[in-house]
Amino acid sequence: MKTKKLTCILASLAMICCMAGCSGSSSSDKDKSSSSTNSSSASESSSKSDSSSDSDSSKASSKINAIGYDVKSSERLTDKLKKTYADGYKASMKASTGSGAELTIAVKGGKIYSSNKGTSEHRTMIFSGGSSATVINNTAKSYTEQAVSDAKLFISQNDLLFGQAGDFIKAQIDEQHDLIGEFYKLDKNVTGKNGQMCFQYLGSTGELAQMTITYEGSEDFPIYFRINELTRCDDKQFEIPDLSKFQKK
């Protein structure tokens with residue numbers, strides 16, 4: 001089965017940290033000082049305390065790389081993520097260009113499910129083992145059986161999230177947007193082309209925010225994939241739906 005190559009380069013996830021301005025109420029307190037000096041002092045003290053607390057809270061919430069990620073460490077967020085979902089995962093993501101296709105990928109125990117839903121067409125692919133995968137055109141109400149000679153390679157080629165990543169290249173922190181980027185070479189044995197991919201994580205939580213791929217020679221067509229959801233999946237994801245009203249081609 002020929003796998004469509006998706007190309008993209010790193011595009012920063014725009015994030016704006018808005019720090020609320022904390023202003024003391026000393027002016028109004030001074031205006032009221034004629035009525036009660038003690039009351040004014042207490043009010044000013046309380047105001048300064050609240051202002052200081054708000055300021056500290058604001059600074060804490062806007063701290064860059066709050067998770068303390070070390071770019072020089074051998075511990076990678078991507079490795080941790082793979083271990084977390086070693087028993088299977090389901091990811092929903094959205095492409096940044098073209099029709100803004102909504103993609104869903106599920107991988108578990110030698111099985112893979114993928115869905116590509118654009119503005120004009122919705123296709124689903126299900127491989128539950130064996131020598132063929134079922135490719136369904138939900139729009140045209142038709143389906144085909146695609147031969148699979150190497151199940152492991154087939155799953156890797158269609159596992160857009162983890163299947164194409166090769167050797168680690170580098171890690172860096174984008175302080176402007178508080179993003180942690182981990183760069184990997186593409187596995188040429190899987191993709192058939194050289195290139196690199198980058199996993200970008202939120203510096204505040206370590207959560208995967210987006211994933212980008214750049215195929216060598218296709219740098220002029222930048223797209224990225226925003227991760228909408230990443231969860232575990234169950235076997236129901238890989239069940240073939242009722243195709244009795246679909247035409248086999």
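Which residues does Lys248 touch, not counting residues up to four places away in sequence? Select Lys248 and you'll find Tyr143 and Glu145 in contact with Lys248 (contact means heavy atoms within 4.5 Å).

Before going on: this is a predicted model, where local features need pLDDT of at least 70, side-chain atom pairs count only at pLDDT 80 or more, and totals for chains, interfaces and linings use all residues. Numbering runs from 1 along each chain as its sequence is written, and side-chain values use heavy atoms, with hydrogens and water left out.

Stay on Lys248 for a moment. Lys248 belongs to strand S12, residues 247-248 (strands are DSSP E runs of at least two residues, numbered from the N terminus). Lys248 is exposed, at 53% relative accessible area; exposed means over 50%, buried under 20%, partly exposed in between, with a 1.4 Å probe and protein chains only.

Next, pick Ser114, in strand S3 (residues 111-117). Ser114 counts as buried because its relative accessible area is 16%. Leaving out residues up to four places away in sequence, its contacts are Thr104, Ile105, Arg123, Thr124 and Met125.

Then click Tyr89. Its contacts beyond four places in sequence include Ile105, Asp159, Leu161 and Cys233. Tyr89 is also among the residues with the most contacts inside the largest nonpolar core, which has 39 residues. Such a core is a set of buried Ala, Val, Leu, Ile, Met, Phe, Trp, Tyr and Cys residues joined through side-chain atoms within 4.5 Å.

Last stop: another core of 5 residues lies apart from the largest one, with Ala106, Tyr113, Ile126 and Cys233 among its members.

Key
Helix = DSSP H or I, 4+ residues; strand = E, 2+ residues; numbered from the N terminus.
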